[in-house]
Amino acid sequence: MASLGRYIVGRAVQIVITYIIIVIFVYLMVALLPTNYVGLLAFSHMTPAQKLYLEKQFGIGLPFWQSFSIYFVHMLTFNFGTSFYYTGTPVLTLIGQALPRTLLLLGEATILSYLLGYIIGTYAGWKRGGVLDNSAIYFSFTFYNIPTFWLGIVLLYILAYKYPIFPLGGYISSNINMSNPFSVFLSLQYHALLPMIVLTLISLAGALLLMRTSMLDVQGEEYINLATAKGLSEREVLFRHASRNAILPLITSFILSLPFIVGGAVVTEDIFSYQGIGYLYISSIDRLDMPVVYALTFIISILVLLFNLFADVLYGFLDPRVRY
Amino acid sequence: MANVSYLETIRSLRRSAKTIWGAFRRSPSGMFGLIIILAFVIMAIFAPVLSPYTPQQTAPDSIQFMSDSGHVIVNMNNINEPTYLVTQIGGRGGSESTTGIVVYNNTGHARVYDLGVTGNGSKLQLKIKDYHNYTIPQGINQMYSFIYDPTTSMSYVGLANHTVYILSSSFSVTKSYNLTFPIRYFSGIFDKYPFSSYSPTMGFAVSGMNHTFLFIEEGNFSALTNSVKYYSFTMQFNTASNVISSPLLYLYLSSNPEIIIPTQDGIMDFSILETPSIFNLQLSAGSLQWSSKLEYPNGSSYSILPTGIAFPDNSPSLESNLGKNIIMVPTKDSYILEYSRINGSLMSMTKATFVNNAVLSGLYSGQYITGNITMPVSFYSNGKSYVTFWNPLINKLSSSSYYATIPGEIIGSIQYINGANEFMVANQNLAYYIPVTKSSGNVTYLPMPSKSGFYPLYIGNVIQGGVGAVIAGNYVVTVSGNGLFYESVVGYKISPLPPGNYKDPATGQVYNYPLGTDYEGHSIWAWIVYGARLELTIGIIAAISSVLIGVFIGILSGYFGGVMDALIMRLVDVFLSLPFLIFVILLVSLLGPNIWYVVVAIVIFSWAGTARVVRAVTLSLKERPYIDASRAQGASNGRIMTTHILPNVLPLTFFYMSTGVGGVIITEATLDFLGFGDPTSVTWGMLLQFLQTTGYTLLAPWWLVPPGVAIILLSLSFYLVGRAFDEIVNPRLRRR
């Protein structure tokens with residue numbers, strides 16, 4: 001049996017290699033495309049000063065070896081320069097502002113959806129064929145296939161426009177006393193609520209189905225019969241024995257979904273004008289703010305990889321069979 | 001070597017297909033999904049039958065635009081005389097008290113309806129606030145208003161049979177002139193902006209029999225008193241023969257004033273003498289400058305059309321070269337002649353031809369519009385009139401393919417609507433707007449390329465003098481019977497239209513929009529039905545491509561193992577760890593907005609998932625004994641992969657193919673919505689994006705809901721079908 005330490009090191013090395021491959025990959029994507037397209041889309045709208053900046057910072061436009069080395073070094077050292085749109089602001093500052101908001105939103109959404117999925121899925125699987133089970137299935141199937149942006153708009157229409165319970169957008173209210181951390185927190189939560197509902201509903205569908213299926217698998221096991229025969233109450237059997245064993249795939253899925261916290265809410269953030277990472281990405285592409293776009297692509301990728309590493313380590317910790 | 005014949009393979013395939021179908025039929029969700037998919041396929045194929053409109057067709061403007069309109073009953077002392085109409089534009093200095101609609105009859109009654117114009121830009125509203133009755137001289141048949149009268153003593157000119165009245169703003173008579181001839185023609189008020197010293201400020205002429213009466217007022221700025229003093233003059237011109245249509249006035253600063261009178265013997269040009277005196281400029285009738293016979297160069301005579309002669313440009317601005325140096329004369333033989341105003345010589349003669357051998361029926365004074373002189377010209381043939389524009393600078397129709405068709409004959413003259421770049425024309429029943437420019441084709445009603453939008457007028461019967469008043473450049477008023485109809489020229493757009501049936505008030509045709517329209521007037525139902533084509537196409541192509549690529553790579557990697565396997569798995573890991581949407585957006589924004597680039601981008605970032613699963617399956621299959629057996633029999637690697645591994649892998653991938661379609665549809669819609677889609681593609685995502693960019697997201701639920709529901713249904717059905725199929729083929733999920 002391999003040790004945990006060796007496993008971690010192994011995975012970390014893989015992460016680094018993967019990251020390097022991603023850097024090369026994005027570079028090729030940008031560099032190998034026909035220049036008239038690149039010229040057409042992004043670079044024809046730029047001022048000469050901006051083009052020069054891109055050359056210096058990312059090596060765009062220079063001959064291959066020069067270009068790639070500048071690019072490679074800067075990417076690896078996180079030297080992303082300053083934004084075009086917010087002139088003078090270092091890109092890393094912008095990302096630093098946006099990232100916690102996204103983490104707040106998606107972190108809460110993921111945790112909430114898996115928690116709800118656990119609870120509802122347990123009951124749905126236990127009382128298989130019942131009302132809860134059937135409605136849970138219909139719900140899951142439907143919400144699994146809803147476009148996130150459409151759900152967001154419809155909820156906006158109903159809950160923020162027709163019956164204005166929630167705010168229409170933004171990540172914080174403008175009339176908040178910034179020095180009071182409690183009211184700041186409250187306002188942040190208030191604005192994150194509706195996007196969180198959207199995200200939760202969508203991932204709940206997947207989590208619910210998974211938990212339910214897993215419960216069905218577990219129900220056939222013998223120790224469930226033993227527990228019932230022992231005279232334990234239904235609730236005890238359900239939660240103390242059945243679901244505890246059924247939860248493993250759910251935990252796997254939860255861990256696997258963590259990496260997507262970072263880039264997963266692009267659309268939702270766009271609709272709600274929630275200034276997180278996804279919103280920054282979309283608006284930067286629209287504004288042709290290339291330094292931010294390049295930087296975000298890598299930051300998001302590396303965060304995804306880091307979360308992957310974290311997920312793998314956690315999983316390796318939980319399930320020793322995985323370590324090689 | 002045991003060889004399985006193709007016949008056997010096909011038979012066994014048919015058998016398994018039958019069992020699979022039998023099991024599938026028993027799955028309610030699977031059948032539901034399949035039915036929905038078939039419904040969409042039918043929708044896509046029979047789209048032209050299901051929707052009478054294509055996604056590109058828009059509702060006509062008369063439905064999309066609404067204007068402010070109203071109807072007031074005019075009851076003037078119970079007198080059953082036809083009521084007439086006068087214009088009153090904006091008043092002096094725009095003050096509200098002098099803005100109103102004047103209604104009068106020839107038994108001495110006038111009424112002014114006070115107007116308030118509220119709102120702005122695209123939503124002007126006319127409010128009739130009040131009315132006042134006035135007494136006017138009896139027998140007035142026509143009334144015209146002055147625009148730029150600096151005093152209140154001259155607001156209207158009223159014409160009775162033999163008398164000219166100058167009326168104040170309260171309709172009291174300030175001047176009157178008795179004439180020896182019946183008034184037949186009126187020249188239209190020449191109304192130039194005041195404060196131009198030593199020049200006529202305004203004037204008009206009336207003609208009848210062989211006499212023409214001219215009234216001119218001029219303003220004289222006195223430095224002494226630092227004010228303008230106004231003087232009025234009258235003079236009469238007697239011609240040898242009868243006047244046959246309205247005279248033209250040339251009263252400009254740059255040269256001597258003239259009046260041009262068309263008579264039976266010819267077109268005559270008289271000068272107006274300006275004699276300076278101590279205190280002001282004296283005006284009196286001058287002598288005949290030139291006269292030009294109504295004859296073609298070959299000597300044959302011609303008749304002028306009843307619409308009369310005209311300057312190319314009617315506005316007070318263009319004095320000479322472009323607008324006033326030429327006199328345009330239309331003849332009953334469909335010729336348009338150009339005479340020089342300066343010496344009366346015939347400058348050119350052009351035959352005005354039109355389609356269907358229509359004859360020239362009128363030439364109307366024009367306007368200088370964006371670099372061109374535009375004169376409305378009408379042709380008549382077979383019960384229809386055709387209105388288009390003549391450019392006197394090139395002596396040709398401005399455009400040979402652009403014209404409006406008006407049923408019947410044109411009544412009155414064609415008026416220019418200031419600020420709207422349109423002319424207005426009426427027949428017995430309707431008034432029409434004719435925009436000056438257009439895109440293509442022969443249409444009766446045209447949208448103007450502007451935001452506020454215009455649409456054809458429909459205000460009831462138009463009588464007596466053709467189209468009515470234009471008020472403040474924005475409203476049209478006509479009178480019929482006892483009714484005063486008013487309607488705004490500037491309409492506002494009421495699209496997107498909620499679901500329902502809409503009747504075009506102008507043509508009477510009913511347009512049916514079961515799901516309503518979007519902002520441009522496209523039928524939402526048409527978009528749903530035609531959009532199904534592209535959705536199904538790209539969904540299926542993208543999903544199948546990505547799965548096939550994944551299968552190919554997965555089998556290769558799993559079967560051969562070793563270094564290639566390690567490398568490929570590394571690549572798969574890279575692709576799997578890339579955040580999907582981020583990179584698809586990046587790739588699409590780099591490639592360009594084309595629907596197939598979207599498909600390519602989605603496929604590039606989707607194959608990795610299938611590859612990993614297929615590799616795992618291949619690994620386990622590889623160890624099965626029958627693989628060894630085939631290898632022992634000498635089967636090549638390729639053969640083993642295609643005949644043994646592939647058939648066992650494929651059924652497991654059907655799930656991914658089917659659910660993949662739903663994923664592609666949703667991803668494409670998301671890309672469209674974010675702005676990275678193909679704007680020319682007819683997909684449901686583009687419809688939603690259009691909803692968002694026009695800002696009607698929260699305002700048009702009939703536009704918001706159907707595309708979303710369509711996406712959900714189609715994606716859900718593919719998911720259910722895939723899931724049902726998977727339950728059959730994959731032993732994991734069966735009900736226990």
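Visitor: How much area do chain B and chain A bury between them?

Guide: This is a predicted model. In it, chain B and chain A bury about 4,300 Å² between them. Carbon and sulfur atoms account for 77% of that area. On chain B's side, B:Ile582, B:Leu590 and B:Leu698 supply 16% of what the chain buries against chain A, more than any other three residues.

Visitor: How many residues are in contact?

Guide: 44 residues of chain B touch 47 residues of chain A.

Visitor: How many salt bridges and polar contacts cross the interface?

Guide: The rule finds 0 salt bridges. It does find 3 residue pairs in polar contact, both residues at pLDDT 80 or more.

Visitor: Which elements of chain B give two or more residues to that side?

Guide: They are helices H6 (562-577), H7 (580-591), H11 (637-674) and H13 (701-729) of chain B. H13(B) gives the most, with 12 residues. By residue type, chain B's side divides into 33 nonpolar, 7 polar and 4 charged.

Visitor: Now the sheet. How do strands pair?

Guide: Strands of a sheet pair through backbone hydrogen bonds, parallel or antiparallel. Here, chain B has an open sheet of 3 strands in the order S20-S21-S22, with antiparallel pairing.

Visitor: Why is one side of S20 and of S22 left without a neighbour in the sheet?

Guide: S20 (326-330) and S22 (346-351) of chain B stand at the edges, each with a single partner strand, so one side of each has no neighbour in the sheet. The twist averages 20° from one strand to the next.

Visitor: How many bridges join S20(B) to S21 of chain B?

Guide: 5 bridges join S20(B) to S21 (335-340) of chain B, and the two run antiparallel. As one example, B:Val329 has B:Leu337 in S21(B) as its bridge partner.

Methods. Residues are numbered from 1 along each chain as its sequence is written. Chains are lettered from A and ligands numbered from 1 in the order in which they are written. This is a predicted model: local features need pLDDT of at least 70, side-chain atom pairs count only at pLDDT 80 or more; totals for chains, interfaces and linings use all residues. Side-chain values use heavy atoms; hydrogens and water are left out. Contact means heavy atoms within 4.5 Å. Buried area is the accessible area (1.4 Å probe) that two parts lose on being put together, summed over both. A salt bridge is a side-chain nitrogen of Lys or Arg within 4 Å of a carboxyl oxygen of Asp or Glu. A polar contact is a pair of N or O atoms within 3.5 Å; within protein, one must be able to donate a hydrogen and the other to accept it, and residues adjacent in sequence count only if both atoms are side-chain atoms. Helices (H or I, at least four residues) and strands (E, at least two) are DSSP runs, numbered from the N terminus. Ala, Val, Leu, Ile, Met, Phe, Trp, Tyr, Cys and Pro count as nonpolar, Asp, Glu, Lys and Arg as charged, and the others, Gly among them, as polar. Two strands pair if DSSP finds at least two bridges between them. Axes are lines fitted to C-alpha atoms, for helices over the stretch in contact, and angles run from 0 to 180 degrees between N-to-C directions.
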